[in-house]
Amino acid sequence: MIKFISPTELHKLGIVGMNARNRRFIMKNNPRHLYPLVDDKLETKKLAKKAEIAVPELYGVIETVGQIKKKLHKILDAHEEFVIKPSKGSGGNGILVVVAKTPNGFVKPNGEEITHKDIFLHVSNILSGLYSLGGQLDTAMIEYRVKFSDVFSDISYQGVPDVRVIIYKGYPVMGMLRLATKESDGKANLHQGAIGAGVNIADGVTLGGVCHNKVMNIHPDTEKTISGIQIPYWKTILEISAKCQEMTGMGYIGVDIVLDKELGPLILELNARPGLGIQIANNEGLRKRLDKIDAVVGEEREVSERVAWSMQNF
Ligand SMILES: Nc1ncnc2c1ncn2[C@@H]1O[C@H](COP(=O)(O)OP(=O)(O)O)[C@@H](O)[C@H]1O
Ligand SMILES: [Mg+2]
């Protein structure tokens, strides 16, 4: 069944809109000078390493056009599979996932073959700022391709699902599992056509999903039910996410975590302006939960205590 959610319904649910998010939560809690820590994925990787939080291994970076010829082929030769992404990108733009090599080139998650030339052009586009925030010059990162856990094989189509957790003042507020679709081409971003499924904070079990703001409980490509799936390592995922508050000094962030088959939870990236679609995926607004946290903040709880509190309350 496909159902649209009306603006009146959203209001009743306590949905936080863009203006309120920016004014009340982002501007107040995320100091401007800290943005580079999360807007640049290379900086975030460094920060996570320092905090001893696992991230996908960085195979190399390309910073100049000259390095495309001199350095890129060496990095690509050394790995059968990899992901190339703009370090200042967002929304899944400019992310190229390569799952295999052929004698003449590379294979994308959807089976499409691409050549060395395509990859060189892609990296050159990244450097020119095609995918970066505000079109600023960018760096291309080449990293380990995460292999997702079997739990998700029925409900994510050829792409690594990621778990988005909103952390407010160090407390987990709301979670969403994002599932790749044929349309999203190996990426789990909602704007690329991925499905967002709400997650019960108390136990890490998925609720129903949405895709392009439409309710969707059956995955369109695998035809399997999206709700009722237990996300493994749930408490650890919440603890890693909550730790990111101390790690960045930011009071309102979206933490993206992926589960690798062998390596377990890895931080993919952090967002200082996390999208509001998570509310639709959870069929619940953020407002009440944020207010509830505001009422208890200041009691100086450790990460594990904050996580336990959220699991009890949400
Ligand atoms: N190393 C990786 N291995 C496999 N898939 C990845 C990797 N990095 C990104 N992806 C896919 O692309 C999506 C977006 O990646 P992310 O790093 O969060 O960038 P963005 O800022 O564009 O959202 C992820 O949700 C995931 O599905
Ligand atoms: Mg992301």
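Mentor: The part to look at is an open sheet of four strands in the order β1-β7-β2-β3, with antiparallel pairing. The model is predicted: local features need pLDDT of at least 70, and side-chain atom pairs count only at pLDDT 80 or more, while totals for chains, interfaces and linings use all residues. Residues are numbered from 1 along each chain as its sequence is written, chains are lettered from A and ligands numbered from 1 in the order in which they are written, and side-chain values use heavy atoms, with hydrogens and water left out.

Strands (E, at least two residues) and helices (H or I, at least four) are DSSP runs numbered from the N terminus, and two strands pair if DSSP finds at least two bridges between them. At the edges of the sheet are β1 (58-62) and β3 (96-98), each of which pairs on one side only. From one strand to the next, the twist averages 15°; axes here are lines fitted to C-alpha atoms, for helices over the stretch in contact, and angles run from 0 to 180 degrees between N-to-C directions.

Start with β7, residues 140-143, which runs antiparallel to β1 and is joined to it by four bridges. Leu58 has Glu143 of β7 as its bridge partner, and Val61 stands opposite Met141. Another four bridges join β7 to β2, again antiparallel. On that side, Val83 stands opposite Glu143.

In a regular strand the side chains alternate between the two faces of the sheet. Both faces of β7 are covered: Ala140 and Ile142 on one side, and Met141 and Glu143 on the other, are all buried. Buried means under 20% relative accessible area, exposed means over 50%, and partly exposed is in between, using a 1.4 Å probe and protein chains only.

Helix α6 (residues 116-127) lies across β1, β2, β3 and β7, and runs at about 30° to β2. Contact, here and below, means heavy atoms within 4.5 Å.

Now the wider setting. The domain assignment, which may be automatic or from a database, gives domain 1 (7-39 + 46-55 + 148-313) and domain 2 (58-143). Eight residues from domain 1 and 13 residues from domain 2 make the contact. The C-alpha centres of the two domains lie 26 Å apart.

The magnesium ion (ligand 2) has Asp256 (OD) and Glu269 (OE) as its protein donors, 2.0 to 2.4 Å from it. Asp256 is in strand β13 (residues 252-260) and Glu269 in strand β14 (residues 264-271), 13 residues apart. Donors are N, O and S atoms within 2.8 Å of the metal (3.2 Å for Na, K and Ca); water is not among the atoms, so sites may look incomplete. Both Asp256 and Glu269 are buried.

Gly228 sits in the loop between β12 (214-215) and α7 (234-248), and counts as exposed because its relative accessibility is 57%. Apart from neighbours within four places in sequence, Gly228 is in contact with Val205 and Thr206. Its C-alpha atom is 40 Å from that of Thr139, 89 residues away along the chain.

Finally, the cysteines. The whole structure has zero disulfides, a disulfide being a pair of cysteine sulfur atoms within 2.5 Å. Cys211 is buried at a relative accessible area of 6%, and Cys244 is buried at 0%.
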